[in-house]
Amino acid sequence: MQVSDLTFRFKLLFLGFLSPIFLCLGLLLSSPYWLGTNDPYQKSEIAVLEISEPFPTKKQLKAVVNLYTKSDFKKLILVSKEDKSQNQVIGPFEIDQKVKEILISNGIPSSQIMTLVIAGSKMGDTDEASKNLLKLAVSDNLGSILLLTREFEKRRVLNIYKKTLTSLPVKVTAYSFPSEISGSNWFLSESGTKEVSVEFVRYIYSYIRGIL
């Protein structure tokens with residue numbers, strides 16, 4: 001075999017097989033730097049918290065209470081997905097009640113908390129929730145919405161809501177809960193790797209489907 005043929009086959013192997021692998025790996029490793037956003041949040045009429053897996057921790061719920069105490073929002077909407085499978089030992093209703101109990105015990109009046117139940121959607125819970133918020137924004141004439149998110153889902157969630165509500169004069173901002181996971185240490189723990197990689201796939205899926 002001539003050297004030129006060997007070189008050509010090596011280039012073909014690299015460009016056709018190895019380069020896509022290196023590209024995907026590079027995107028994954030750099031994903032924490034573009035999944036999040038440093039856009040500041042603003043005081044709003046309502047705050048929206050999606051109750052989906054992984055469920056909010058007590059530390060995150062404490063942060064929600066602190067925002068309410070500082071008057072960063074007036075009313076809290078908990079978004080819970082409708083469960084028709086009945087296969088879970090603890091369903092969305094029980095989780096919603098538990099979250100409400102924690103929030104109320106820490107100082108948010110029950111009258112300022114409401115639950116928005118959404119149906120399951122192939123386009124994702126956030127897309128379905130934003131469409132339901134669109135109806136609420138119109139009926140209640142809302143002027144501002146504060147999204148409560150995890151750090152690495154902030155950009156995806158914020159962009160989905162902005163796109164859905166673009167026809168309305170509603171100011172949408174997002175607050176991300178403080179996290180011990182950062183762009184420099186996420187791959188050092190199983191939970192960090194799972195959180196970033198799952199959100200990476202969600203972001204790519206949302207982009208391909210045109211949700212973002």
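Modeller: One term before we start: a crossing is left-handed if the near helix is turned anticlockwise from the far one by less than a right angle, and right-handed if clockwise. Also bear in mind that this is a predicted model.

Colleague: Okay, which way does H3 cross H4, left-handed or right-handed?
Modeller: H3 covers residues 58-69 and H4 covers residues 92-105, and their axes lie 10 Å apart. With the rule I just gave, clockwise is the case to look for. The crossing of H3 past H4 is right-handed.

Colleague: And are H3 and H4 roughly parallel or oblique?
Modeller: They pack at an angle of about 50 degrees. Roughly parallel would need an angle under 35 degrees, and roughly perpendicular starts at 65. H3 and H4 are therefore oblique.

Colleague: How many charged residues are in the contact of H3 with H4?
Modeller: H3 brings Lys58, Leu61, Val64 and Val65, while H4 brings Val99, Ile102 and Leu103. By class there are 6 nonpolar residues and no polar ones, and the number of charged residues is 1.

Colleague: What about H6 and H7, are they roughly parallel or oblique?
Modeller: H6 (residues 154-164) and H7 (residues 190-208) pack at about 25 degrees, with axes 10 Å apart. Their crossing is left-handed. Since the cut-off for roughly parallel is under 35 degrees, H6 and H7 are therefore roughly parallel.

Colleague: How many charged residues sit in the contact of H6 with H7?
Modeller: From H6 you get Arg155, Arg156, Asn159 and Ile160, and they meet Glu199, Arg202, Tyr203 and Ser206 of H7. That contact divides into 2 nonpolar and 2 polar residues, with the charged ones numbering 4.

Colleague: Let's go inside. Which element gives the most residues to the largest nonpolar core?
Modeller: That core has 21 residues, and among those touching the most other members are Leu49, Val64, Phe73 and Leu103. Elements giving two or more residues are strands E1, E2 and E4 plus helices H3 and H4. The top giver, with 5 residues, is H3.

Colleague: Is serine 80 buried or exposed?
Modeller: Serine 80 is in strand E2, and it touches Pro92, Thr115, Leu116, Val117 and Ile118. Its relative accessibility is 5%, and the cut-off for buried is under 20%. So serine 80 counts as buried.

Colleague: And how far apart are the C-alpha atoms of tyrosine 205 and methionine 123?
Modeller: Tyrosine 205 is in helix H7 and is partly exposed, with a relative accessible area of 35%. Tyrosine 205 touches Lys122 and Met123. Although tyrosine 205 and methionine 123 are 82 residues apart along the chain, their C-alpha atoms are separated by 9.0 Å.

Colleague: Last one: what share of the residues in the protein chain is buried?
Modeller: The chain has 7 helices and 5 strands, in the order α-α-β-α-β-α-β-α-β-α-β-α. Of its 212 residues, the buried share is 38%.

Definitions and conventions. Residues are numbered from 1 along each chain as its sequence is written. This is a predicted model: local features need pLDDT of at least 70, side-chain atom pairs count only at pLDDT 80 or more; totals for chains, interfaces and linings use all residues. Side-chain values use heavy atoms; hydrogens and water are left out. Axes are lines fitted to C-alpha atoms, for helices over the stretch in contact, and angles run from 0 to 180 degrees between N-to-C directions. Helices (H or I, at least four residues) and strands (E, at least two) are DSSP runs, numbered from the N terminus. Angles under 35 degrees count as roughly parallel, over 145 as roughly antiparallel, 65 to 115 as roughly perpendicular and the rest as oblique. Contact means heavy atoms within 4.5 Å. Ala, Val, Leu, Ile, Met, Phe, Trp, Tyr, Cys and Pro count as nonpolar, Asp, Glu, Lys and Arg as charged, and the others, Gly among them, as polar. A nonpolar core is a set of buried Ala, Val, Leu, Ile, Met, Phe, Trp, Tyr and Cys residues joined through side-chain atoms within 4.5 Å. Buried means under 20% relative accessible area, exposed over 50%, partly exposed in between (1.4 Å probe, protein chains only). Lists of a residue's contacts leave out its neighbours within four places in sequence.
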